[in-house]
Amino acid sequence: MLELQGVNKRFGGLEVLVDLDLLVREGEITSVIGPNGAGKTTLFNVISGRFPPDSGRVVFQSRDITGRKPHRITMAGLARSFQVTNIFGRLTVLENLDLASQTRDRKRSSLLARAADRREVRGRSQAILERIGLTGRGDLPAGVLSHGDQRHLEIGMTLATQPRLLLLDEPTSGMSPAESASAIDLIRDLRSEVTILLIEHNMRLVMNLSDRIVVLDSGRKIAEGPPEQIARDPGVRRVYLGDA
Ligand SMILES: Nc1ncnc2c1ncn2[C@@H]1O[C@H](COP(=O)(O)OP(=O)(O)OP(=O)(O)O)[C@@H](O)[C@H]1O
Ligand SMILES: [Mg+2]
C-alpha cells in the first residue's frame with residue numbers, strides 16, 4: 001500500500017531521516033516506535049506531503065506521491081492525525097466532521113451549497129459520530145469535549161476523508177488509562193476497513209495491536225518485524241527500552 005525508498009530528510013545540519021526504506025502492507029497495522037526525536041513525526045510529515053524529502057521516493061498505491069501537496073495526497077486516500085489535537089473548538093462536533101469530509105470533496109466544494117450535498121455530508125458525519133463513540137454529542141462545541149473524546153473526534157475527522165491509509169501520530173498521548181483503552185478498541189475496530197500506520201509510545205498498545213513494528217533511532221531503521229521479534233531484539237531493548 002505504501003513504500004518509502006531511500007528517503008533522506010535533513011533540517012540544516014541535522015539528519016533526521018537517513019536512507020529510510022519502509023513498507024506498509026494493505027490491511028495491516030504497522031507501528032513506528034523509537035525514542036523522542038528519532039524522526040517519527042518527520043516521517044509522517046514526509047509521507048503526508050508537509051515537507052518533501054531531500055531524496056528518495058514515497059509510493060502510495062503504486063503511484064509516486066513524492067513532494068505532492070498535502071491536500072492532493074489526502075484526495076489520493078491518505079489521511080493523518082496530528083500529535084497535537086487539531087480540531088475547531090467553537091464549531092460543533094458534527095461541523096468539525098462535515099469540514100473534514102469536504103476536504104476530500106474539494107472539487108465539489110462550490111456545490112456544497114446545495115441542500116442535497118449538505119445532507120449527504122451530514123449523513124456521513126452522523127455515521128462517523130457513532131463509529132467514534134460520540135453519539136448524542138454531535139451538537140456540542142468540540143472544545144467542551146474531554147481530551148480523550150477530542151482525540152476520538154480527530155480520528156473521526158481523518159475517517160471523514162474516506163482514507164485507504166490512516167497515519168496516526170500518538171493517538172493516546174495525554175489520555176487516561178480508560179480513555180486509552182477506548183482508543184485501542186477504536187483502532188482495532190478500524191483495521192477491518194483501513195490500513196493503519198501508527199506512531200505510539202504506549203508499548204502495551206503497540207505490542208497488542210501491531211502486525212509489524214518498525215524501530216527508528218536517530219532517523220535510522222534499527223529493526224523491523226512482528227511484535228514478538230521486536231520485544232526480544234537486543235538492539236531495540238538497548239536503544240529503546242533502556243536495557244544495559
Ligand atoms: N520543522 C523542523 N525544523 C527543524 N528541525 C526539526 C523540524 N521538525 C523536526 N525537527 C527535528 O528533527 C528531529 C526529529 O523530530 P521528530 O519530531 O520527527 O521526532 P519524533 O520521533 O516524532 O519525536 P517525539 O517522540 O518526541 O514526538 C528532532 O531533533 C527535531 O528537533
Ligand atoms: Mg513526534
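This is a predicted model: local features need pLDDT of at least 70, side-chain atom pairs count only at pLDDT 80 or more; totals for chains, interfaces and linings use all residues.
Residues are numbered from 1 along each chain as its sequence is written, while chains are lettered from A and ligands numbered from 1 in the order in which they are written.

Ile-222 sits in strand 10, residues 220-225 (strands are DSSP runs of E with at least two residues, helices runs of H or I with at least four, numbered from the N terminus). Leaving aside residues up to four places away in sequence, Ile-222 touches Val-215, Asp-217, Gly-235, Val-236 and Val-239; contact means C-beta atoms, placed from the backbone, within 7 Å.

Now turn to the ligand. Twelve residues surround ligand 1, and the closest are Phe-11, Asn-36, Lys-40, Thr-41 and Thr-42 (near means a C-beta atom, placed from the backbone, within 6 Å). Helix 1 gives the largest share of this shell, three residues. Strand 2 (14-24) and helix 1 (40-47) each supply at least two.

Finally, look for a helix pair. The crossing of helix 5 and helix 6 is right-handed (the near helix is turned clockwise from the far one by less than a right angle). Their contact involves Gly-148, Arg-151, His-152 and Ile-155 of helix 5 with Glu-179, Ser-182, Ala-183 and Leu-186 of helix 6.

Terms used:
Two residues are in contact if their C-beta atoms, placed from the backbone, lie within 7 Å.
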